[in-house]
Structures are given as structure tokens and as C-alpha cells.
Amino acid sequence: MFLKRISLLRDKITDFEQYPFNIPSLKNFEQLDLTSDVTFFVGENGSGKSTLLEAVAAKCEFNTAGGGRNNFYEVPSAEAVLGDYLRLSWMPKVTNGFFMRAESFYHFATHIDEIDSTGFQAYGGRSLHHQSHGESFISLFANRFNGRALYLLDEPEAALSPQRQLAFLRILHDLTKRENCQFIIATHSPILLGYPDAQILSFDDEIQEMSYEMTDHYQITKYFLDHRERFLKELLEDQ
């Protein structure tokens with residue numbers, strides 16, 4: 001592990017009713033201690049998990065549109081105001097890493113097409129645009145990611161089938177155990193959340209650590225699979 005703690009510089013904030021400080025999970029946020037080489041941020045849409053992840057990326061000087069320190073391009077709304085109010089505590093500090101935004105991955109792929117002159121060796125030997133969405137994600141993880149680095153991933157499951165999510169878990173294992181990488185991942189996937197010994201931080205209302213079995217992602221998915229007919233009847237029947 002490299003990044004040990006994320007702290008909010010509350011004394012610099014003048015208005016907690018202004019976005020993004022008015023998000024409930026961030027309004028009372030002071031600091032997070034990261035205790036695993038894989039940390040998951042979970043919560044409903046709008047709960048602040050991606051906002052904090054993007055702010056960490058900005059503080060690391062990764063491209064907040066997606067990429068590392070050496071990827072220079074812009075997309076609309078790729079800014080992270082919150083990053084100006086964070087302190088990151090490292091031991092030791094690393095500068096290698098990558099921020100992956102599923103929603104702007106197309107723009108990153110276009111950027112790589114424009115600058116790559118090495119035959120896309122860091123991306124499986126083919127343009128990311130010449131691969132399916134899921135293939136391009138796996139190519140990024142398997143070829144571009146390597147040791148002693150911090151990787152920030154925002155909903156990496158967006159283009160991955162369940163089978164490819166399992167393949168990603170294997171890549172995650174190899175990178176953390178053999179390559180000394182650290183990951184912080186915002187996700188809705190109950191498959192990814194099942195990764196062994198990961199730290200899971202929920203952003204619903206306030207930021208708190210919880211076990212895999214306590215997450216809504218696990219409980220709702222398990223209930224649906226165990227009681228599909230009853231669940232759908234209750235959900236779809238006319239009131």
C-alpha cells in the first residue's frame with residue numbers, strides 16, 4: 001500500500017451548503033484510513049463516491065478525464081473542485097498510476113489513437129477502438145497496469161460481462177500480490193465487491209466501513225436470486 005489516508009481540509013471550506021460539500025457523505029467527512037491494497041467505494045448514484053475518487057485523482061495529478069500524469073486531453077465536466085480541499089498521506093509516495101472513468105473511456109481511447117506510435121503495445125497490440133468495449137477495458141487492465149502504482153477505477157464493471165468481471169478479479173489479484181499495486185474502486189458490482197480481504201466503504205448518508213454481506217449490493221442481489229418470482233411479483237404487480 002502507498003496511499004494511507006484521505007483527509008478533508010475542513011478549515012478551508014467556507015460554505016458546506018455548496019456543492020460538493022453539501023453531499024451528505026462529504027458534509028461530515030473528516031478522514032478515511034485505507035487499510036487494504038484494494039478499497040471499494042459503494043453507494044447510490046449521487047452519494048459522493050465518484051466525486052471523492054475523482055478528487056483523489058486530481059490530487060495525484062492524474063488526468064481527471066481518465067488517464068495518468070502524462071495523458072493530456074480534456075472532456076467537458078472533467079474537473080474535481082474537491083481535490084483542492086484534500087490532503088493525501090502516503091508511505092511511501094508514488095507518482096505512477098491511472099484514473100479510469102468508464103463514462104469517458106471513449107475519449108481516452110481516442111486520445112491514445114492520436115498519440116500512440118508504438119503499435120498499442122500497452123493496450124494489447126490493437127487500438128482500443130478496434131476492440132469491443134469489454135475487451136478494451138480488459139486490455140487496459142492486463143497490459144497498461146503494472147507495479148508500484150495507485151489505480152483509481154470508477155465503475156470498471158460498466159462494460160464487463162459477469163465472466164469478464166471474474167477475469168478482472170484475477171488481474172486485480174495478480175497486480176496487488178505480485179506487482180505491489182494499490183486500487184481504489186467505485187463500483188455497483190456484487191461480483192467485484194466479493195474480492196477477498198478488501199476494504200468496503202459505504203457512502204450512503206455517511207462514510208462508513210462495512211462487510212460484504214452488509215452491502216445493499218449483496219443483499220438485494222441475493223434476495224433476487226433466491227426469491228426471483230416473489231420479488232418480481234411484489235415489484236411489478238399493480239397497486
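**Entry 1: conventions**

I take a polar contact to be a pair of N or O atoms within 3.5 Å; within protein, one must be able to donate a hydrogen and the other to accept it, and residues adjacent in sequence count only if both atoms are side-chain atoms. I am working on a predicted model, in which local features need pLDDT of at least 70 and side-chain atom pairs count only at pLDDT 80 or more, while totals for chains, interfaces and linings use all residues. Residues are numbered from 1 along each chain as its sequence is written, and side-chain values use heavy atoms, with hydrogens and water left out.

**Entry 2: the chain as a whole**

I counted eight helices and nine strands in the protein chain. Here helices (H or I, at least four residues) and strands (E, at least two) are DSSP runs, numbered from the N terminus. Of the 239 residues, 48% count as buried. I use buried for under 20% relative accessible area, exposed for over 50% and partly exposed for values in between (1.4 Å probe, protein chains only). The protein chain exposes about 12,400 Å², of which carbon and sulfur atoms supply 46%; the areas come from the Shrake-Rupley method with a 1.4 Å probe, and for residues, only the protein chains shown count as cover.

I also looked up contacts, meaning heavy atoms within 4.5 Å. Among those with a separation of 6 or more, 70% join residues 24 or more positions apart.

**Entry 3: Gln-165**

I located Gln-165 in helix 5, which spans residues 162–177. Is Gln-165 buried or exposed? Its relative accessible area is 9%, so Gln-165 is buried.

I then examined its polar partners. The side chains of Gln-165 and Ser-189 are joined by a polar contact of 2.4 Å. A polar atom of the Gln-165 side chain also lies 3.3 Å from the backbone oxygen of Leu-160. Leaving aside residues up to four places away in sequence, Gln-165 touches Glu-157, Leu-160, Ser-189, Ile-191 and Leu-192.

I traced an open sheet of three strands in the order 2-1-4, with antiparallel pairing. Strand 2 (31–33) and strand 4 (86–90) each have a single partner strand and stand at the edges, so one side of each lacks a neighbour in the sheet. On average, neighbouring strands of this sheet are turned by 15 degrees against each other, direction ignored. Axes are lines fitted to C-alpha atoms, for helices over the stretch in contact, and angles run from 0 to 180 degrees between N-to-C directions.

I counted two strands as paired if DSSP finds at least two bridges between them. Strand 1 (residues 3–8) pairs with strand 2 in the antiparallel sense over three bridges, and Ile-6 stands opposite Leu-32 in strand 2. Helix 2 (residues 49–59) packs on the sheet and touches strand 1, strand 2 and strand 4, its direction making about 70 degrees with that of strand 4. Strand 1 and strand 4 run antiparallel and are joined by five bridges; Leu-3 has Trp-90 as its bridge partner in strand 4.

**Entry 4: salt bridges**

I searched the whole structure and found seven salt bridges. The criterion is a side-chain nitrogen of Lys or Arg within 4 Å of a carboxyl oxygen of Asp or Glu.

Which side chain meets that of Asp-37 in a salt bridge? The partner is Lys-177, at 3.7 Å from N to O. This pair links distant parts of the chain, 140 residues apart, with Asp-37 in the loop between strand 2 and strand 3 (38–42) and Lys-177 in helix 5. Asp-37 counts as buried at 17% relative accessibility, whereas Lys-177 counts as exposed at 53%.

I next followed Asp-174. With Arg-170, Asp-174 forms a salt bridge whose closest N and O atoms are 3.0 Å apart. Both residues lie in helix 5, four residues apart, about one turn of the helix. With Arg-178, Asp-174 forms a salt bridge whose closest N and O atoms are 3.9 Å apart. I therefore record Arg-170, Asp-174 and Arg-178 as linked in a network of salt bridges. Asp-174 counts as partly exposed at 21% relative accessibility, as does Arg-170 at 45%; Arg-178 is exposed at 64%.
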